[in-house]
Amino acid sequence: MKLLKDILYGVSLSAVSGDTNVMVNNVHFDSRKVEMDDVFVAIRGTVTDGHKFIQKAVDSGARAIVCEELPKIMVNGVTYLQVDNCNSALAVIASNFYDNPSKNLKLVGVTGTNGKTTVTTLLYNLFKKAGFKVGLISTIKVLVDDKEYKATHTTPDVLTINKYLSIMNDVGVEFCFMEVSSHGIHQKRAKGLFFEGAIFTNLSHDHLDYHKTFAEYRDTKKKLFDGLPKTAFALVNIDDKNGLVMLQNTKAKKYTYALKSFADYRAQILEKQFNGQLLKVDDNELWTKLIGDFNAYNLLAIYATADILGLEKMEILRLMSELENVDGRFQYYISKDKITAIVDYAHTPDALKNVLVTINALRTGNENVITVVGCGGDRDKSKRPVMGHIASEMSDQAIFTSDNPRTESPTTIIEEMEAGVEAQNVRKVLSIENRKQAIKTACKLAVANDIILVAGKGHETYQETNGVRVDFDDFKEVKEALESLKK
């Protein structure tokens, strides 16, 4: 148990009713989890308002309530704490409750539209290979040294983050690499954490259903860098025009990386093949199994970060040469009929374009590129016609299909993608709502040496429709479809 006043250290309180010199058992923002002597923080969410459940939390035994608006009826023996922002308060309380675990390791946050999972995962893998105890908090999973936990959000809630960081402390983890999403920053999920450094990968069209404008989306990302202390580092991609924006107000030590611009860390692509590419990094050649310009940027960010964190440069390059693709990121399979299938998480216009640019740069011109792609429901609708345009323009055949339609009509989503297809490309587009059937169709259309791109879901192993998730793995589906073909 913890003393309430201790876990409130650093929280700006507007009003207090009751005793803060009491012991509390746990902290929750979900009233259904509250038990005797717990603290309940009433978060105003996008779907519901935690203030509606204050009485339920009290009935369940809550000893303290943190809220932005004090309830009209306050129960004797319960401490009520009014704050301006419950998300901010929860962040500080969570860190205090777990004894500020981020102070006891080197936590590096990675933000940007694309590349977060690849950069964090490969940094984890590189530092593990270097002999360190390492933690990872990513879209795909949470790793505490070698132990894996299932991830549910790009940036988990602050209680979950601090719980995992505390477990990392217990087993002696030295470095932790964490994806930091714009949602997570906006909802204060990264507040109260002590970052050793932050990395900016790039910024493109995404999440405008949540942030409304691109400027708001960019400025939300920027807050991660604005909050860094002078002891931290800020590493940004300055080939992206938003890179320097991230550095404008940071107190951290500034570093830049680029393929095209003058920067602290630079790389050049010397050779590209389907099984890898040759890079020149700091005047040293590096053969890597990760292909594409986007992966050259990711690898350069990894090299720079490892160097800033004190690893020896030649050792970094050696370890980088051993790195494998992250699940669902340009993951490929070549069938017995010499058809190449590529599965990638590309679910934004920029990511889809990057993957198709990479594929088209590697082809000889005699093979067809067949792209299977959809757009998620209940998400940014404005990117749908853009992705429809990119897929139809840059492929020989595009098949529009479902991709987690959630509560929306899959047919409507596909129609919105079709709206972006230019007249000369209409003949190249098929629309098949059933994703399994769409993948099978792509495989039947393909002949020897053709390339099939299945984009959008990557590592995800489910399809979500109306709140129900069913098992669905793009890589498994395309592999099975190709293996079953009798050409």
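**Close-up 1. What lines the second largest pocket in this predicted model**. The lining splits into 11 nonpolar, 6 polar and 7 charged residues; here Ala, Val, Leu, Ile, Met, Phe, Trp, Tyr, Cys and Pro are nonpolar, Asp, Glu, Lys and Arg charged, and the others, Gly among them, polar. The pocket's volume, the space filled by probe spheres set on grid points joined across faces, edges and corners, comes to about 460 Å³. Of its 24 lining residues, Ala190, Lys191, Gly192, Leu193 and Gly227 sit closest to the centre. (A pocket is an open set of points on a 1 Å grid over the protein atoms alone, where a 1.4 Å probe fits, with protein on both sides within 12 Å along at least five of seven lines; lining residues have an atom within 4 Å of a point.) At least two lining residues each come from β8 (106–111), α6 (182–186), β13 (195–200) and α8 (214–226). Helices (H or I, at least four residues) and strands (E, at least two) are DSSP runs, numbered from the N terminus.

**Close-up 2. The hairpin of β10 and β11**. Strands β10 (141–144) and β11 (147–150) pair antiparallel over 4 bridges; pairing takes at least two DSSP bridges. Leu143 faces Glu148 of β11 across the pair. With 2 residues between the strands, the hairpin has Asp145 at a positive phi near 55°.

Numbering runs from 1 along each chain as its sequence is written. Local features need pLDDT of at least 70, side-chain atom pairs count only at pLDDT 80 or more, and totals for chains, interfaces and linings use all residues, while side-chain values use heavy atoms, leaving out hydrogens and water.
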